[in-house]
Amino acid sequence: ITPITDINVAGKRLVVRADLNVPLADGKVADATRITRFAQGMKPLLAQGARLVILSHLGRPKGELNPAFCLHQIESTLADALGCPVTFGETCAGPVAENAAAALKDGEVLLCENVRFERGEEMNDPGLARKFAALGDIYVNDAFSCAHRAHASTAAIAELLPATAGPLMIEEMEALTAALEASNRPSVAIVGGAKVSSKIAVLKHLVQKLDAVIVGGGMANTFLFAKGAPMGKSLHEADQVETVKEILLLAKAAKCEIFLPEDVVVAKEFREGARKKIVVWNECPEDAMILDAGSAALRNFQGVLAGAQTILWNGPLGAFEIPPFDHSTMALAETAAELTRAGLCVSVAGGGDTVAALNTAGVADDFTYVSTAGGAFLEWLEGRVLPGIAALDRADQAA
Ligand code: 3PG
């Protein structure tokens, strides 16, 4: 893999795939970590006179134009992080985007509209990749956190332009490798969050490699549902029950302990300060929803972390963005940070929401390493070849 930093980029138009998929609240960036980490790596390239054409996705608009996922919402945060103006392109493919890219001067930046507004993106369509490639001279994949997706802007495009890895991509690969080499057993993963179906398959592999897995968030609800718990209005994915059963069998065979919340915080409304109560795992009322792990569950999880030498974390334990449902996530983050500060374990966390939660708890700097990647981080841990990285490898071999 060729790092872009090995190339003279003065006057070159770089088509950069970034991951600017950040949490938003009321149209404002709620956590800018992905943007600031990306910008840090781009600044030296801009200073050398590179012209940046930035491609990214935001959310999952499924090939439809949807204002809720418009990248315009992050433009000013990106400009602040880069320390220079950013032009917003209303589209990412076709003549309008090509003209905007062609108008760039040295050190200027074009942020294109969400690549997932294009149908071909998630299909890894070569036709769309050709349109992306027409925007510049060199392709730079700086989105480690999207490397698990074989999409037009992460895979097919690498065959069409000289393909390189961006600074954040390189940093993530090196730091994760180093952190995992430094880690010992017992190893524990905390897997939570709302993206159940896209992460659950990874658990099949993780339970065969780790000593314990703590399950939280929508993922935990899905496990509790599979064990027969009523869900009320809780986020869960009923069609994943068979996968859950398979994971439980695999975990048993591999002697990996799975920890689910034995009690849960429920509320009738999902709003700040809503009245909450704690009930045992199988007593969520019909008109309520599970929004956090309960206090007994938290104590149990804290005990599991205390016995670990390696802590891997992806996905919050509850609806951490709205107090009081942030409690378990914040408290467990503090426990992991304390154990790391005391030199008792190596801790690696990843994922947009997880990083936002660690920032809110004020403990992100205490972790051994914080990755900007969520799903890609889990697949990397699993030892899978990530399509985005494989595409850069192939391009290098072909060159
Ligand atoms: C992420 O948040 O993990 C990346 O931006 C990838 O998003 P996706 O899961 O929607 O592909």
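Trainee: What average pLDDT does the chain have?

Mentor: This is a predicted model, and the predictor gives the complex an ipTM of 0.99 and a pTM of 0.89. For the chain, 100% of the residues score at least 70 in pLDDT. The average pLDDT of the chain is 96.

Trainee: How many charged residues are in the shell around the ligand?

Mentor: The ligand is surrounded by Asp19, Asn21, Arg60, Ser145, Cys146, Arg149, Ser198, Gly352, Gly374 and Gly375. Asp and Arg count as charged, whereas Gly counts as polar. By class, the shell has one nonpolar and six polar residues, and the number of charged residues is three.

Trainee: Is the crossing of α1 and α2 left-handed or right-handed, and how many nonpolar residues are in the contact?

Mentor: The crossing of α1 past α2 is right-handed. From α1, the contact uses Ile35, Thr36, Ala39, Met42, Lys43 and Leu46, and from α2 it uses Thr77, Leu78, Ala81 and Leu82. By class, two of these residues are polar and one is charged, and the number of nonpolar residues is seven.

Trainee: Are α6 and α8 roughly parallel or roughly perpendicular to each other?

Mentor: Helix α6 spans residues 196-206 and helix α8 spans residues 241-253. The two axes come within 9 Å and cross at roughly 15 degrees. Angles under 35 degrees count as roughly parallel. The relation of α6 to α8 is therefore roughly parallel.

Trainee: Which residues of α8 does α6 meet?

Mentor: The passage of α6 by α8 is a left-handed crossing. On the α6 side, the residues are Ile200, Ala201, Leu203 and Lys204; on the α8 side, they are Thr243, Glu246, Ile247 and Leu250.

Trainee: Are α7 and α8 roughly parallel or roughly perpendicular to each other?

Mentor: Helix α7 (residues 217-226) packs with α8 at an angle of about 85 degrees, and the axes are 9 Å apart. Angles of 65 to 115 degrees count as roughly perpendicular. The relation of α7 to α8 is therefore roughly perpendicular.

Trainee: How many nonpolar residues are in the contact of α7 with α8?

Mentor: Thr222, Phe223, Phe225 and Ala226 of α7 meet Val241, Val244 and Lys245 of α8. By class, one residue of the contact is polar and one is charged, and the number of nonpolar residues is five.

Trainee: Where is Pro186, and which residue does a cis peptide bond join to Pro186?

Mentor: Pro186 is in the loop between α5 (167-181) and β9 (187-191). The cis bond to Pro186 has an omega of about 0 degrees, and the residue joined is Arg185.

Trainee: What is omega for the peptide bond from Pro323 to Pro324?

Mentor: Pro324 lies in the loop between β15 (310-314) and α10 (327-341). The bond from Pro323 to Pro324 is cis, and its omega is near 10 degrees.

Trainee: What is phi for Asp26?

Mentor: Asp26 is placed in the loop between β2 (24-25) and β3 (28-29). Although Asp26 is not a glycine, its phi is positive, at about 50 degrees.

Methods:
Residues numbered from 1 in each chain as written. Predicted model: local features only at pLDDT ≥ 70, side-chain atom pairs only at ≥ 80, totals over all residues. Near = placed C-beta within 6 Å. pLDDT = per-residue confidence, 0-100. Axes fitted to C-alpha atoms, helices over the stretch in contact; angles between N-to-C directions. Helix = DSSP H or I, 4+ residues; strand = E, 2+ residues; numbered from the N terminus. Parallel < 35°, antiparallel > 145°, perpendicular 65-115°, else oblique. Left-handed = near helix turned anticlockwise from the far one by under 90°. Contact = placed C-beta atoms within 7 Å.
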